[in-house]
Amino acid sequence: MKELFIKGSNPKTIFSQIHSCINGDRREDWGETVLTFNNEFGKGALRTISFNWGISLIDIDILLNDDTALIFDNVELSPIEFIFITQGYFNYSENNTGSFTTLEQFQNNIISPKRSSKKTFIFPKGVHLKVNFIRINRKEYLKKKNNNVCYLNDLLVALFNDEIGETAYQHSGNYSLRIADEIKLLNNVQDSGMLRSLSIEGRLYLILSLQLLEHKNFEEKMNLPEAISKDDIAKIHKLTTYILNHISEDISITILSTESGLNQKKLQLGFKILFSKTVNEYIRQLKLEISRDQLKNTDLSVSEIVYSIGIKSRSYFSKIFFEAYDILPTDYRKHLRNKKSSLN
């Protein structure tokens with residue numbers, strides 16, 4: 001097993017030390033530091049960006065050739081870390097002991113080790129790992145006006161106000177595809193400059209709020225029903241890709257039930273819990289989002305767009321588009337073109 005020892009908790013300091021160990025290409029754009037590598041360690045990319053009030057993001061997309069331990073050896077107060085894995089898994093130990101916890105795909109995790117502990121992450125070889133860390137420097141965050149930490153549950157209030165690092169805390173909670181979808185959008189922000197940093201910061205706070213909400217529901221015993229297992233969650237997540245790939249077709253609940261192996265009742269329950277929507281509501285929203293992107297980014301006619309998303313009636317499409325966005329599709333395209341012309 002390879003071991004990388006990290007001193008300090010500042011994201012750029014962490015990246016500098018990782019870079020010195022694994023080499024690769026390091027660059028900085030629009031306030032982000034990105035480290036990419038493809039060598040004997042494996043391949044992948046790591047990114048970090050920091051914002052005011054002690055909020056920072058580290059996201060990792062890697063495939064390693066050997067089990068690799070990242071050991072944090074420092075005396076500083078560790079940040080509170082909200083961890084969400086969208087692919088793969090890894091192991092965590094609060095003090096580099098023989099006892100490790102496996103942090104799993106789609107599971108909401110919060111960790112905060114004691115001061116001076118040797119926080120350790122073990123990333124497994126041969127596993128494509130995609131994980132996001134939202135990190136909060138509690139001393140800085142408490143200076144934020146209207147931080148409203150006092151409205152969190154007692155556990156988190158105590159954690160945020162522990163500026164000495166006396167107590168270790170770990171939460172491994174429910175599984176959420178809604179958080180996974182928001183992280184997918186976060187990682188696909190295509191803007192540059194100020195627009196990019198604002199988009200990332202906004203999505204960061206949205207994801208953090210969802211993770212705090214999951215923690216609240218977990219502590220109040222509002223867990224996922226026993227009928228929804230981890231295997232069921234993985235099957236539903238796989239279905240979202242199937243729906244996207246077959247969006248021009250007539251996608252019925254019967255077809256999805258056959259494709260996933262889940263009965264229709266469990267399928268509806270899973271979508272309701274994980275997306276707060278029925279299956280049909282989820283499909284309709286996806287069709288509308290795709291059509292909106294096509295109106296903006298292609299020269300396809302409205303009729304061609306309606307056909308491409310599997311809606312048979314143009315008038316029905318216009319009706320549901322207006323209900324969703326408060327504008328007709330033809331007017332939306334006209335507005336975009338007028339806006340583009342005024343900028344040229």
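In this tour, contact means heavy atoms within 4.5 Å. The structure is a predicted model, in which local features need pLDDT of at least 70 and side-chain atom pairs count only at pLDDT 80 or more, while totals for chains, interfaces and linings use all residues. Residues are numbered from 1 along each chain as its sequence is written, and side-chain values use heavy atoms, with hydrogens and water left out.

**First stop: Ala180**

Select Ala180, which lies in helix α4. Helices (H or I, at least four residues) and strands (E, at least two) are DSSP runs, numbered from the N terminus. Leaving aside neighbours within four places in sequence, Ala180 is in contact with Phe84, Thr86 and Phe106. Is Ala180 buried or exposed? Buried means under 20% relative accessible area, exposed over 50%, and partly exposed in between, with a 1.4 Å probe and protein chains only. Ala180 counts as buried because its relative accessibility is 3%.

**Second stop: two loops**

Move to Phe106, one of the contacts of Ala180. Phe106 lies in the loop between β9 (101-103) and β10 (107-112). The phi of Phe106 is near 70°, a positive value in a residue other than glycine. Phe106 counts as buried, because its relative accessibility is 4%.

Then select Asn148, in the loop between α2 (138-141) and α3 (154-160). Asn148 also is not a glycine, and has a positive phi of about 55°. With a relative accessibility of 43%, Asn148 counts as partly exposed.

Select strand β7 (residues 80-87), where Glu81 is placed. Glu81 is buried, because its relative accessible area is 2%. Which side chain joins that of Glu81 in a polar contact? The partner is Lys119, at 2.6 Å. A polar contact is a pair of N or O atoms within 3.5 Å; within protein, one must be able to donate a hydrogen and the other to accept it, and residues adjacent in sequence count only if both atoms are side-chain atoms. Not counting residues up to four places away in sequence, Glu81 also touches others, including Phe121, Phe133 and Arg135.

Select residues 314-325, which form helix α11. The twelve residues of α11 reach 16 Å from the first C-alpha to the last, close to the 16 Å expected at 1.5 Å a residue; the expected span is 1.5 Å times one less than the number of residues. Phe317, Ser318, Ile320 and Phe321 are buried in α11. Just after α11, Asp326 takes a positive phi of about 60°.

A pocket is found on a 1 Å grid over the protein atoms alone: an open set of points where a 1.4 Å probe fits, with protein on both sides within 12 Å along at least five of seven lines; lining residues have an atom within 4 Å of a point. Select Leu185, Arg203, Glu289, Arg292 and Asp293, which lie nearest the centre of the largest pocket among its 39 lining residues. Which helix gives the most to this lining? Helix α9 does, with ten residues.

**Last stop: the second largest pocket**

Finish with Asp59, Asp61, Lys130, Asn187 and Asn188, which lie nearest the centre of the second largest pocket, lined by 27 residues. Here α4 gives the most to the lining, with four residues.
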